[in-house]
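Welcome, and please have your viewer ready. We will go from stop to stop, with something to select at each one.

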Amino acid sequence: MMKIREYNEDKDFSIIKDWITDERTHAMWCANRTDFPLQKESFDHLLNEMAERFGDKPYVAVDGDGTIEGFFCYSLNKETQEGMLKYVVVDPARRGRGSGREMIRHAVQYAFDVTGANAVHLMVFSANERARKCYESVGFTERHRQEGAVSYDDEVWDRINMVLEKGKDMPDQNPWEKICRMEKH
């Protein structure tokens, strides 16, 4: 069973630093706001800057054995009561197995239940189709799009803002569970 805990820079960085193995993926993940390959000093600087500017806190998702499966940052805008997820990444060995979806679901529940957010939003580049589909599977929808926001080599990417509002049902993680619950009534 997955759990979310605060990021521990002394022990977690050495695990997540190797998850992004190429420059294009790195650009999609952090918009080149930190060095590639990921270095502890520049990553710590990024996290500290995000904490100071926006109140971001870094978290990791861990499985039942304590193995790190994913990483993200979260902050709450107290004026709008809207939470924001940033720098979402999943261990490449766990991609395609539902770990990203489960981590996002936990992050959203934390945002709603613990921080009192009325909505959670995030940004994703149009070139990152896999991430966008993961977010949609949790219930995020496109709110707006900035066309041609970023160039990478000979590509031009749109920046897509996606949102999930509190009270909107997140799709069931397992549709069979819903069917089984319905049959019991």
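The tour below visits strands, aromatic rings and pockets.

This is a predicted model, in which local features need pLDDT of at least 70 and side-chain atom pairs count only at pLDDT 80 or more, while totals for chains, interfaces and linings use all residues. Residues are numbered from 1 along each chain as its sequence is written, and side-chain values use heavy atoms, leaving out hydrogens and water.

**Stop 1: the strands.** Select residues 3-6 and 57-62, strands β1 and β2, which run antiparallel and are joined by four bridges. (Strands are DSSP runs of E with at least two residues, helices runs of H or I with at least four, numbered from the N terminus; two strands pair if DSSP finds at least two bridges between them.) R5 has V60 in β2 as its bridge partner, and V60 also stands opposite F71 in β3. β2 and β3 form a hairpin with five residues between them, and G66 in the turn has a positive phi of about 90 degrees.

**Stop 2: the rings.** Keep F71 and show F43: the two form a tilted aromatic pair, 5.5 Å centre to centre with 55 degrees between the planes. (Rings of Phe, Tyr and Trp, the last by its six-membered ring, pair if their centres lie within 6.5 Å; planes under 30 degrees apart count as stacked, over 60 as edge-to-face and the rest as tilted.) F43 sits in helix α3 and F71 in strand β3, 28 residues apart. Both are buried, where buried means under 20% relative accessible area, exposed over 50% and partly exposed in between, with a 1.4 Å probe and protein chains only.

**Stop 3: the largest pocket.** Which residues lie nearest the centre of the largest pocket? Select V88, M123, N128, A131 and Y135, which are among its 44 lining residues. (On a 1 Å grid over the protein atoms alone, a pocket is an open set of points where a 1.4 Å probe fits, with protein on both sides within 12 Å along at least five of seven lines; lining residues have an atom within 4 Å of a point.) β4 gives the most to this lining, with nine residues.

**Stop 4: the second largest pocket.** Finish with its lining, including F54, Y74 and Y110. β3 gives the most here, with three residues.
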